[in-house]
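Please keep the sequence and the structure in view while reading.

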Amino acid sequence: MTLLDTFFNLEVLGSAFPALMRGVINTFLLGFAAIGVGIPAGLVVGLLRLYGPKPVRSLAVFYIDILRATPMLVVLMLIYFALPFVGIRLSSWTCAILAFALVMAAYMAEVFRSGIEGIGKGQFEAAAALGLPFVITLRKVILPQAVRVVIPPTTNNCVSMFKDTSLASTVALAELMKEGLDAQALYANPTPLIGAALIYVAFLWPMVRLVAMLERKFSRQTQR
């Protein structure tokens, strides 16, 4: 069997393509669900980390540190395999979304924290001089400026999240990697896995270039 027949068998790829497309749809759904929950949750945790009462700040720091230090796969396994021992049984979808969102929120909390702390204290002082309440100052003055700063790292975290969705195959969720593995076993050929890898590159490479473009754009704006 030639190299092409082993790794780039078009007949096998054509047969496996519908399954790979189902996996792509599930990968997108899982990634967007985790990002859609993780980013707002990260903003809340980041604000509590900065402005909450001292016990709440300590709890937020503990959450951020633990979730950032724990591998994504470990978090996923704990939720999927450990919770049933205390009577909590969740579907593969729920477990995956919960695990990815928890980790995403921890990373985004630090992103938002650094973005907010990057805004000069003079902004708060000027808002206070105008008589604006603290909450209004955050919502109308600080956060709009911080959002622009955190766009590049947020986009980078989104790329990482879509890559991490491949770990959901360990909890029997039929995302792209799971479909590729099943197709490889079915056809006894690695071509479906090569196809899955190429699909990942096809939709993640533009996002990687977007991150680089945003970083250059905001770097130029900062230098001005």
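Is Arg68 buried, partly exposed or exposed? Arg68 counts as partly exposed, because its relative accessibility is 37%. Here buried means under 20% relative accessible area, exposed means over 50%, and partly exposed lies in between, with a 1.4 Å probe and protein chains only.

## Basis of the report

The model is predicted, so local features need pLDDT of at least 70 and side-chain atom pairs count only at pLDDT 80 or more, while totals for chains, interfaces and linings use all residues. Residues are numbered from 1 along each chain as its sequence is written, and side-chain values use heavy atoms, with hydrogens and water left out.

## Salt bridges

Side chains of opposite charge can pair when their charged atoms come close. A salt bridge is defined as a side-chain nitrogen of Lys or Arg within 4 Å of a carboxyl oxygen of Asp or Glu. By this rule the model has 4 salt bridges. One of them joins the side chains of Arg68 and Glu110, with an N to O distance of 3.7 Å. This pair links distant parts of the chain, since Arg68 belongs to helix H3 (residues 54-69) and Glu110 to helix H5 (residues 92-117), 42 residues apart. Helices are DSSP runs of H or I with at least four residues, strands are runs of E with at least two, and both are numbered from the N terminus. Glu110 is buried, because its relative accessible area is 16%.

A salt bridge also connects the side chains of Arg113 and Glu117, at 2.6 Å from N to O. Both residues lie in helix H5, 4 residues apart, which is about one turn of the helix. Arg113 counts as buried, with a relative accessibility of 16%. Lys178 and Asp182 form a further salt bridge, in which N and O are 3.6 Å apart. Lys178 and Asp182 are separated by about one helical turn, because they stand 4 residues apart in helix H8 (residues 176-187). Lys178 is partly exposed at a relative accessible area of 23%, and Asp182 is partly exposed at 37%. Salt bridges with shared partners join Arg68, Glu110, Arg113 and Glu117 into one network.

## Helix packing

Two packed helices are described by the angle between their axes and the distance between the axes. The axes are lines fitted to C-alpha atoms, for helices over the stretch in contact, and the angles run from 0 to 180 degrees between N-to-C directions. Helix H2 (residues 10-51) packs against H5 at an angle of about 45 degrees, with the axes 5 Å apart. H2 is therefore oblique to H5; angles under 35 degrees count as roughly parallel, over 145 as roughly antiparallel, 65 to 115 as roughly perpendicular and the rest as oblique. The residues of this contact of H2 with H5 comprise 24 nonpolar, 4 polar and 4 charged. In this grouping, Ala, Val, Leu, Ile, Met, Phe, Trp, Tyr, Cys and Pro count as nonpolar, Asp, Glu, Lys and Arg as charged, and the others, Gly among them, as polar.

The axes of H2 and H8 come within 7 Å and cross at roughly 160 degrees. H2 is therefore roughly antiparallel to H8.

## Aromatic pairs

A pair of aromatic rings is described by the distance of the centres and the angle of the planes. Rings of Phe, Tyr and Trp (its six-membered ring) pair if their centres lie within 6.5 Å; planes under 30 degrees apart count as stacked, over 60 as edge-to-face and the rest as tilted. The model has 8 aromatic pairs by this rule. Among them, Tyr51 and Phe134 form an edge-to-face pair, at 5.0 Å centre to centre and 75 degrees between the planes. Tyr51 lies in helix H2 and Phe134 in helix H7, so this pair ties together parts that are 83 residues apart in sequence. Tyr51 is partly exposed at 33% relative accessibility, and Phe134 is partly exposed at 39%.

Tyr80 and Phe81 also form an edge-to-face pair, with 4.8 Å centre to centre and 90 degrees between the planes. One aromatic cluster is formed by Phe28, Phe32, Phe162, Tyr200 and Phe203.

## Positive phi values

Most residues other than glycine have a negative phi, and most peptide bonds are trans. Ala172 has a positive phi, near 65 degrees, and is found in the loop between helix H7 (134-164) and H8. Ala188 also has a positive phi, near 50 degrees, and its place is in the loop between H8 and helix H9 (191-223). Ala188 is exposed, because its relative accessible area is 70%.
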